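User: I am new to this structure. Please show me how to read it.

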Amino acid sequence: MARRQFLAILRKDLLTELRTRETLLAMFLFAVLALVVFHYAFDPRGTLDMTPYAGGMLWVVFLFAALLGLNRSFAQEKDEGCLDGLLASPVDRVVVFAAKACANLLFLALVQLLVVPLFTLFFVQHGYAGHAGGIALVVLLADAGIAVLGTLLATLAVNTRARDLLLPIVFLPLVVPLLVAATTATTAIIAEGAGLGAIGGRLLFLGAYDVVFLVAAYGTYDYLLGE
Amino acid sequence: MSESMRAPVGQDQAEDATIRLASVSVRYRVPRERMASLKEYTIRWIQRRVQYVDFWALEEIDLAVERGEIFGVVGPNGAGKSTLLRVLATLSTPSSGSVRVAGTDPRQDPTPIRRAVGFIAHSPLLYPELTARENLRFYGDLYGVPDAAARSDALLERVELDTRRNDRVRTFSRGMRQRLAIARALLHRPRVLLLDEPHAGLDPHAVDILDGLLAEVRTDHTFVMVTHSLERGLQWATQVIVLAAGEVAYAAPVVGEGGVAQPGAVAPDEMAAACRRAMGGGPEGAC
């Protein structure tokens, strides 16, 4: 039953996004434009090796692109009054959270798939294909943290009048530790060719971060999604 | 067709389709003065100048609705009618008092109530980018309806939307959305139906469809129907209360010929007068 409900909410969110393309288009355009701005702001002549700073730029872009998507994740439910329909049904609130977080994770991953080649073109002067596994692991763990924390806080913000303003204000300070771990791990891989052993501590931190906020969501979501 | 609309009736269901409210109050804390903006509110909150007052959306409400009864709730805007429905639908938690819907206290476990209740809210609770059928399938999955596809098709036919089943809801008129909302509310064969102005936005033909559906399921279900119109409430209800400012201004069974409670009776003068008082003397024809 919970699986059927989870898949129904996830399918509904994906189908809605497939038809409107509001969130994905906004996230993708923002990410591309941010990369272009970074390129012209830091290295307009194209002479510098930006590889040591590439990890930081990449995660700043991903983080703000994710914020755009997170802001939208409950907006439609609220705007169309559908949140009451969801809450009046016999769905465990944790199932709602899991489905929403998965949808946010998928949207972010899709944007990353499209943006990373452009990012490599703009900012990375030597290939890092040999470290794709390490990069993928960092991205997966960091994305999970962004989706879990972001969905939790988007739920908190949805019942407030200024939800578009509130979400970044509470999300960004809390996501800084994740940003630091993801940035240093990514930079170590891209710039220094570090292996999994060298970034093991940061991977562990990212995993622990995900678990902490998953537990927080499990414990508080019923309350957060209520009145 | 009508048989497929009905929930299977059993002894357990007969006992579990009742509603009991005892001294139920819902209180919100609101700023004493209306703030022009969030900025003003924030500044005054930092300066500790925001004073809060208690706003009682519902105050000391008692009611008992038996299986098969239609309970009408009449009152003006802001009387607490929708708050009452939200309490019964487990969307709002009372500040005090006890609630039992379908034999269950929502504070102990709201899930059985959510399974038992069908809710037609003020907004249709439909996703505009999904088709009519996808919306019903979505809610069918949430409620675990075993024959969701067949049931959705039957209900779409019943509300005369079968030719539009694959159209997105955003292309529907207000009346069509309301008809689809009725199908959504009946999809999981609820034992208790909560109706918030169900006739709003419907043309006469759609009103006939809704009334036909309600007539088909009325013997198996317990209804709570919120309406601005006492006439509409009396057309269906076996009991009517008039709510004003969160309190029951008047309550009585609808008494027909021979003193037997039955729907469709003429409003007692006292009830009409209470309704007019609650409405503040208007609007014309409401009471």
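User: What is the mean pLDDT of chain B?

Analyst: pLDDT is the predictor's confidence in each residue, from 0 to 100. For chain B the mean is 80, and 83% of its residues reach 70 or more. This is a predicted model: local features need pLDDT of at least 70, side-chain atom pairs count only at pLDDT 80 or more, and totals for chains, interfaces and linings use all residues. Residues are numbered from 1 along each chain as its sequence is written, while chains are lettered from A and ligands numbered from 1 in the order in which they are written.

User: Which elements of chain B have the lowest and the highest mean pLDDT?

Analyst: Helices (H or I, at least four residues) and strands (E, at least two) are DSSP runs, numbered from the N terminus. In chain B, helix H1 (residues 2-5) is lowest at 46, and helix H6 (residues 132-143) is highest at 95. Residues 1-14 of chain B stay under 50. Where pLDDT is low, the predicted coordinates should not be read in detail.

User: How many helices and strands does chain B have?

Analyst: Chain B has 11 helices and nine strands.

User: At what angle do helices H1 and H6 of chain A pack?

Analyst: Two packed helices are described by the angle between their axes and the distance between the axes. Axes are lines fitted to C-alpha atoms, for helices over the stretch in contact, and angles run from 0 to 180 degrees between N-to-C directions. Helix H1 (residues 2-20) of chain A and helix H6 (residues 93-123) of chain A pack at about 40°, with axes 9 Å apart.

User: What does the predictor give for the complex?

Analyst: The ipTM is 0.88 and the pTM is 0.85.

Key:
Contact = placed C-beta atoms within 7 Å.
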